[in-house]
Amino acid sequence: MQLMNITPKYIPVLDPEFVAPVLWTRAYQEKVAATPGAHRLDMAMTRLDGTCFRWSGTVLPHEGENVALNRTYVERIVKFLLWMKGGCTLMVAGDDAIADMLSDIYREGGSREFDWDYENSVYGQHFTIVKVASAADLPEEKSSSVSLGRNLDGYRIGFDLGGSDRKAAAVVNGEVVFSEEIVWDLYHQTDPNYQLEGVDDSLIRAAKHLPQVDAIGGSAAGVYVNNEPKVASLFRGIAKDDFERVTRRMFFTLKDRWCERMGKDVPFEVVNDGEVTALAGAMALNDDAVLGIAMGTSLAAGYVDPEGHIMPWLNELAFVPVDYQADGGVDEWSGDMGVGAMYFSQQAVARLAPRAGYEFGDMPFPEQLKKVQAAMAEGDERARKIYETIGVEFGYTIAYFATFYEVRHLLFLGRVASGEGGQIIIDKANEVLAGEFPELHINLCVPDEKTKRHGQAVAAASLPKLG
């Protein structure tokens, strides 16, 4: 990773070599402004359905020592856009050499082979780089928003599917009259009907508390497009053939069952759990432009735009770059360095624990987090340093996220956010934002108790509109 000369005001105590992308990018852009021959680069990320996201910027002449700087700047932006918005083709105008460089990175056998292949699972095509002659040859921005949520009329069921449990709630005109959480074991299940029948069981149990079912809405971990799971750890044990035969259309099967049971059309909507979390936050805050960040097993995110819409974006911020240091944390799944999951989840606690002086050995990450939380409750300064480090890095990262998202509120939740340690993270992040980025006015908040208890269920139940 090519470094720039930056001087942060705040240094993460356990991670002093941390390089905030927002500061690195600022230094790069200052260099661009002072360099003759700097030129415009335009990119369009597209999907097979015609959706197109545009990006434009100015880059250094792609020669000499600038090549490494351009590689960091452009590739890291492409990586961010790929996991924020999603697409299967990147069209590049303005510099063929940079386009060739990206093609060498995002390919089978390239350093971003994981990302290249993942898009095939989501969009049915490997991520491809295409050179075009000029910006005039790029397609125009085209994206649709999803008008889901805030529908509270009638008798509804909301559900949420997680890796260790499934939740369901019966909701009457926006009020929860029943909720239940059932533990399940997904990771070793090879029968595709395990998830299908488990969800149906939870819906049946919730329906017993309603005189009828008018609509069903759900959230689940993973990537979902038009009610179809594309990539999700919930189904990691299912063979490909069984996934295509049963799981791919699982929620359509459930809709058909409930339409038959009720003798009428029952609207049925399922989206990513991060989107529903952000929607729940927007509903509780009675405002929009909400980015939800959950630091749990991994880093989950969701976004409600300034007009109150859920966007058809990936928002898989676990894979976006958040650290440009040469020796950052390496994500075991993607093989990339310095990405969100390693800095803002229980993996971050495990990464920093040895630096704080803990010796947890092969202890599972959830148990390590519990140990650190217990130590924090007892006033252990080693634990405090872990949370202070995460907080400083989070503050810089929020500012970086704000260059891609329009954010008025950042909703902070997840296991890492709980307890005194979570408040330390908030305090440090706010300190960084106020000291380094006073122009930003972002309300960093946690869900209130009502939202914690029932917000997700109500938001999920509110997804479908009644006919």
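Tutor: Two strands pair if DSSP finds at least two bridges between them. Residues are numbered from 1 along each chain as its sequence is written, and side-chain values use heavy atoms, with hydrogens and water left out. This is a predicted model, where local features need pLDDT of at least 70, side-chain atom pairs count only at pLDDT 80 or more, and totals for chains, interfaces and linings use all residues.

Student: OK, what do β9 and β10 form?

Tutor: A hairpin, with 2 residues between the strands. In the turn, N226 has a positive phi of about 55°. β9 covers residues 223-225 and β10 covers 228-231, and they pair in the antiparallel sense over 3 bridges.

Student: And which residue is the bridge partner of Y224?

Tutor: That's P229, in β10.

Student: Switching to sheets. What is the order of the strands in the one with β13?

Tutor: β13-β12-β14-β15, an open sheet of 4 strands with mixed pairing. β13 (299-304) and β15 (443-445) are the edge strands with a single partner each, so one side of each has no neighbour in the sheet. From one strand to the next the twist averages 15°. That angle comes from axes, which are lines fitted to C-alpha atoms (for helices over the stretch in contact), with angles running from 0 to 180 degrees between N-to-C directions.

Student: How many bridges join β12 to β13?

Tutor: 6, and the two run antiparallel, with β12 being residues 290-295. V290 sits opposite V304 of β13.

Student: Which strands does α8 touch?

Tutor: Helix α8 (residues 273-285) packs on the sheet and touches β12, β13, β14 (409-413) and β15, at about 50° to the direction of β13. Contact here means heavy atoms within 4.5 Å. Helix α11 (residues 381-401) lies across β12, β14 and β15, running at about 150° to β12.

Student: At what angle do α9 and α11 pack?

Tutor: About 130°, with the axes 9 Å apart; α9 is residues 346-356. That makes them oblique to each other, because angles under 35 degrees count as roughly parallel, over 145 as roughly antiparallel, 65 to 115 as roughly perpendicular and the rest as oblique. Among the α9 residues in this contact are V349, L352 and A356, and α11 contributes residues including I386, I390 and E393. By class, the contact has 7 nonpolar, 1 polar and 3 charged residues. Ala, Val, Leu, Ile, Met, Phe, Trp, Tyr, Cys and Pro count as nonpolar, Asp, Glu, Lys and Arg as charged, and the others, Gly among them, as polar.

Student: And are α9 and α10 oblique or perpendicular?

Tutor: Roughly perpendicular. α10 (residues 365-377) packs with α9 at about 70°, axes 9 Å apart. Q346, Q347, V349, A350 and A353 of α9 meet F365, P366, Q368, L369 and V372 of α10. Those residues divide into 7 nonpolar, 3 polar and no charged.

Student: Last one: what about the sheet with β1?

Tutor: That open sheet of 4 strands has the order β2-β1-β3-β4 and mixed pairing. On average, neighbouring strands are turned by 20° against each other, direction ignored. β1 (residues 39-46) and β2 run antiparallel, joined by 8 bridges, and A44 has R54 of β2 as its bridge partner.
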